[in-house]
Amino acid sequence: MTRLAERIALVTGAGSGIGRAIAQDFSVHGARLIINDIDLEKAEETADLIRQAGGEAYAIQADVCSINDVTAMMEEVKSKFGVLDILVNNAGVIVRSDFRHMDEEKTQQSLETNLNGPIRCIREAFALLQQSQHGAIVNVSSVMAIQYLRQLSLYSVTKASIEALTRTVAFEFAPYGIRVNYVAPGYIDTKMTEKFLRNPHFKNALIEKTAQKRLGTPQHIAKAVTFLASGDAEFITGTGLTVDGGITLSIL
Ligand code: NAD
């Protein structure tokens, strides 16, 4: 499979869950991977898995909340590869709190990781993406961008903002040959959601509300990201794919 043959791809937060699955799927399609995570051990684990399967992967520890880390990461990409073809802004956190009880620290953590992180990565990667003949950015949003769940208001705000960011940056970057899109996953079984899904009532209610009567897997999301990052999506920019098994279709 060669949809991403020889493309240099950077996936943030690729040490686990959805990010790891995206990196693995990219590799299956021929991409050369830069695996970012705040946790170097987890990033190395993903890189090892890819190499064991015959792919090429290189781990970089960086906190997307830190401008110094992000600039250093892009410098490393520049010196190692000279170009970046694909950037996936996947790193994210859920900080649970009622809105009225959010303190400054929780607010900053949420905004910094989920919104300023992608803004920073896009800005700092621009010069490298501009060198590419196939520049593509895929931002990982969430169905929460358009839905309400108790204690997740700020998470929803960051994901709705990611979608607005996608549209505006897509227009500005189009003359440089860089496409910008997002995927909005439904409920996927990962480290991030394990606490929620441990509650059988919540889990069953989610499944019941989903048209396909099942939860998604990281691989379902990865396939959509691979499509948006590939030449098959060459005329698609500034938009998104909801990958949720139909959970956003019905009120009840
Ligand atoms: P996860 O917790 O399994 O993975 C997130 C990864 O990001 C972790 O490896 C973590 O170490 C890394 N990370 C966190 N903060 C970071 C930082 N500051 N810098 C660099 N790396 C950092 O979660 P996941 O479910 O795989 O989530 C991945 C993305 O998908 C997130 O953006 C999340 O909001 C989004 N998402 C997840 C779901 C779901 O149901 N799991 C649904 C919709 C959207």
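## The ligand and its pocket

In this predicted model, the ligand sits in the largest pocket. A pocket is an open set of points on a 1 Å grid over the protein atoms alone, with protein on both sides within 12 Å along at least five of seven lines; a molecule sits in a pocket if more than half of its atoms lie within 2 Å of its grid points. The elements that give two or more residues to the shell around the ligand are helix H1 (17-28), strand E2 (32-37) and helix H5 (153-173). Helices (H or I, at least four residues) and strands (E, at least two) are DSSP runs, numbered from the N terminus.

## The shell and its contacts

The ligand is surrounded by 31 residues, where a residue is near a molecule if one of its heavy atoms lies within 4 Å of it. The closest are Asp37, Asn90, Tyr155, Ile188 and Thr190. By type, the shell residues divide into 13 nonpolar, 13 polar and 5 charged. Here Ala, Val, Leu, Ile, Met, Phe, Trp, Tyr, Cys and Pro count as nonpolar, Asp, Glu, Lys and Arg as charged, and the others, Gly among them, as polar.

A polar backbone atom of Ile18 is 2.8 Å from an oxygen atom of the ligand, and a backbone N or O atom of Asn90 lies 2.7 Å from an oxygen atom of the ligand. For Ile38, a backbone N or O atom lies 3.2 Å from a nitrogen atom of the ligand. On its own the ligand has 830 Å² of accessible area, of which the protein covers 94%; accessible areas come from the Shrake-Rupley method with a 1.4 Å probe.

Asn89 lies in strand E4 (residues 86-89). Asn89 counts as buried because its relative accessibility is 3%, buried meaning under 20% relative accessible area (1.4 Å probe, protein chains only). The side chain of Asn89 makes a polar contact with the side chain of Asn139 at 2.9 Å; such a contact is a pair of N or O atoms within 3.5 Å, and within protein one must be able to donate a hydrogen and the other to accept it.

Ser156 belongs to helix H5 and, at 11% relative accessibility, counts as buried. Ile122, in helix H4 (residues 104-129), counts as buried at 3%. The C-alpha atoms of Ile122 and Val88 are separated by 9.3 Å, although these residues are 34 residues apart along the chain.

## Basis of the values

Residues are numbered from 1 along each chain as its sequence is written, and side-chain values use heavy atoms, with hydrogens and water left out. Local features need pLDDT of at least 70 and side-chain atom pairs count only at pLDDT 80 or more, whereas totals for chains, interfaces and linings use all residues.

Methods
On a 1 Å grid over the protein atoms alone, a cavity is a set of points where a 1.4 Å probe fits but cannot get out, and a pocket is an open set with protein on both sides within 12 Å along at least five of seven lines; lining residues have an atom within 4 Å of a point. Buried means under 20% relative accessible area, exposed over 50%, partly exposed in between (1.4 Å probe, protein chains only).
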